[in-house]
Amino acid sequence: MNKFLKGLSLWLIIILVAMLFARLMRPQEHKEIDYSEFKNYLRSGQVVEALISEALIKGSFKNEKGELVKFKTVPVEDPKLVEELEAYGVKYKGEVKKNWLSVVLLNFGPILLFIFIWFMLIRSMQAGGKQAMSFGRTRAKLMDQSKQRVTFKDVAGVEEAKEELQEIIAFLKDPKKFQKLGGKIPKGVLLYGAPGTGKTLLARAVAGEAGVPFFSASGSEFVEMFVGVGASRVRDLFTQGRKNAPCLLFVDELDAVGRHRFAGIGGGHDEREQTLNQLLVEMDGFDTREGVILIAATNRPDVLDPALLRPGRFDRHIMVPNPDLNGREEILKVHTRQIKLAPDVDLKVIARRTPGFVGSDIANLVNEAALLAAREDKKAVEMKEFEEAIDRVIAGPQRKSRMISEREKKIIAYHEAGHTLVAKLIPGTDPIHKVSIIPRGPALGYTLQLPLEDKYLSTKTEITNKLTVFLGGRAAEELTFNELTTGAENDLHQATEIAHKMVCEYGMSDKVGPLTLRKKESEIFLGRDFAKEKAYSEKTAQMIDQEVRKIVEDCRSRAKELLTKNKAKLDRLAKALMEKEILVGEEVEQILKHAQEVSPSERKSRTRDRNKKSRK
Ligand code: ADP
Ligand code: ZN
């Protein structure tokens with residue numbers, strides 16, 4: 001509809017411009033003459049005909065050479081004109097006033113055109129160029145639940161998030177009963193995760209499960225060109241919510257409104273700030289007992305204004321993760337429900353081939369495959385189409401950055417296996433809780449260690465061990481691929497940081513001694529003579545550098561040594577990671593235990609088996 005309107009207005013502009021040009025370009029066919037001149041021609045009998053209207057007389061006269069010349073003239077008050085015309089035998093007739101539209105267009109055309117263009121400009125400057133008339137109203141869309149009710153059956157691979165949302169559903173189903181039982185309900189729920197992981201879908205499913213209306217709006221719609229428009233839209237959204245309680249309000253892209261205020265030099269953005277304030281006011285003002293729940297989604301929880309996350313606002317945070325192998329298979333199942341699959345289609349294999357895909361990528365993939373099959377006039381979608389569709393989705397422009405190739409997956413697996421194995425091999429380090437090679441935020445994978453108890457003091461040994469674990473990832477990459485990648489940047493940064501602290505803050509270096517050589521805060525600011533503030537000499541600085549380097553180097557060689565000695569275990573762990581993508585602590589335990597039982601000779605024969613297989 002919007003596109004249609006846009007197209008229409010574009011045409012209007014083109015037509016108007018064309019009309020204007022036509023008018024400007026038209027040759028002046030009527031010679032403009034003075035009224036007195038006209039009378040002269042008339043009296044000398046040259047005028048042939050005249051078309052008389054109130055404001056203009058047009059006609060033609062014969063000039064001296066006998067040519068017919070068209071003329072026009074502005075008449076003056078002349079009651080005897082008709083008499084004279086008759087006397088000289090001129091053909092004449094009257095004309096009614098021009099119709100008003102053409103007068104307006106002819107006289108005001110350029111101005112109108114200008115206004116029109118200006119109007120269009122303003123409109124397109126506003127987000128998305130939507131209707132300009134409904135400024136203050138929210139664009140919250142009410143989803144008709146009876147038509148396309150989404151339930152939890154349509155959302156796959158996010159079991160934990162579903163679990164956490166159960167409570168909200170119970171509340172929305174019967175707010176009174178829920179409160180009688182003493183349940184306390186959060187006002188706002190924040191869903192966060194990468195784009196396309198199904199946050200919107202989940203919110204809709206909550207409304208669908210509870211059977212309540214679902215209003216959705218996008219944060220970017222709240223930030224308009226005119227100050228105050230966004231705020232009034234927010235107000236309107238909440239009014240609608242109250243009117244329709246119990247119901248669910250959903251705000252997508254919360255970060256568009258909810259960015260940290262005062263962020264960046266040069267102050268804030270007035271409109272956004274006002275909108276954000278309005279949102280906070282509304283959230284504080286409404287009572288959950290009214291039966292309205294607000295769910296918001298973002299892929300940048302880190303940039304949100306802390307005020308939004310305070311108790312009584314979005315105080316429940318639910319992560320919607322990128323799907324793992326099983327999750328992807330489940331999502332594939334959901335999206336292939338309506339599609340006829342050939343017997344050769346194995347969803348497990350497809351899931352395995354699509355690391356890094358999120359829900360929307362998979363929906364896309366299934367769609368592409370179905371289209372390809374339709375083009376070939378096939379009765380069912382075959383594996384071949386899925387294979388091609390995977391390539392297409394991966395090649396898609398926006399997806400590219402998120403997709404992980406088979407080789408990258410292997411590198412990431414070895415990297416994380418390196419962290420894990422080093423941690424396992426050094427006694428006394430925190431137990432491994434989870435290892436994952438599913439990207440999360442900027443990290444391509446992660447190894448999660450959880451301490452058994454809270455600690456307030458760390459020994460030098462503990463810190464060095466931790467450092468060794470940090471460096472284990474890169475060591476494993478080096479060992480396996482004989483090459484370095486950029487993936488370990490964060491590890492190195494952290495390792496350096498720790499080592500620096502050991503030397504400068506904890507006094508753990510023998511050479512430097514038990515001194516605190518913290519950098520002065522003022523060093524950070526420019527414009528000050530910070531050389532004077534430096535708490536240590538150039539020589540000490542060099543020594544610090546050396547010591548930091550030594551600590552990191554030592555830990556690195558230790559990690560490498562550990563991994564070299566246990567290469568078989570490393571391979572096993574990496575392989576398991578590539579297969580399952582996520583391993584929990586016990587699984588890691590199992591895999592490593594198993595690896596020990598395999599003797600070197602056995603391992604050889606296994607490798608041979610594998611080689612045979614791959615040669616086939
Ligand atoms: P987000 O709001 O997180 O950006 P959406 O909810 O808009 O993602 O997801 C877009 C589409 O991708 C959905 O309409 C659905 O078809 C598909 N999709 C995403 N996640 C899932 C999922 N977990 N299960 C099934 N389909 C999904
Ligand atoms: Zn790492």
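In the predicted model, an oxygen atom of ligand 1 lies 2.5 Å from an N or O atom in the side chain of Thr200. Taken alone, ligand 1 exposes 550 Å², and the protein buries 79% of that area (accessible areas by the Shrake-Rupley method with a 1.4 Å probe; for residues, only the protein chains shown count as cover). The side chain of Lys199 places an N or O atom 2.8 Å from an oxygen atom of ligand 1, and a backbone N or O atom of Gly198 is 3.1 Å from an oxygen atom of the ligand. A polar contact is a pair of N or O atoms within 3.5 Å; within protein, one atom must be able to donate a hydrogen and the other to accept it, and residues adjacent in sequence count only if both atoms are side-chain atoms.

Ligand 1 is surrounded by 15 residues, of which Ala156, Gly196, Lys199, Thr200 and His335 are the closest (a residue is near a molecule if one of its heavy atoms lies within 4 Å of it). The shell comprises 6 nonpolar, 7 polar and 2 charged residues, where Ala, Val, Leu, Ile, Met, Phe, Trp, Tyr, Cys and Pro count as nonpolar, Asp, Glu, Lys and Arg as charged, and the others, Gly among them, as polar. At least two shell residues come from each of helix H7 (199-210), helix H12 (325-335) and helix H14 (359-375); helices (H or I, at least four residues) and strands (E, at least two) are DSSP runs numbered from the N terminus. Domain 2 (141-319) and domain 3 (325-394) each contribute at least three residues to the shell, with bounds from an automatic or database domain assignment.

Several backbone features were also identified. Most residues other than glycine have a negative phi, and most peptide bonds are trans. Asp377, in the loop between H14 and helix H15 (383-395), has a positive phi of about 60°. The peptide bond joining Ala245 and Pro246 is cis, with omega about -5°; Pro246 lies in the loop between helix H8 (229-243) and strand E9 (247-252).

Helix H17 bends by about 40° at Gly472 (the angle between axes fitted to the seven residues ending there and the seven starting there). Just after H17, Asn482 takes a positive phi of about 55°.

Residues are numbered from 1 along each chain as its sequence is written, and chains are lettered from A and ligands numbered from 1 in the order in which they are written. Local features need pLDDT of at least 70, side-chain atom pairs count only at pLDDT 80 or more, and totals for chains, interfaces and linings use all residues, while side-chain values use heavy atoms, with hydrogens and water left out.
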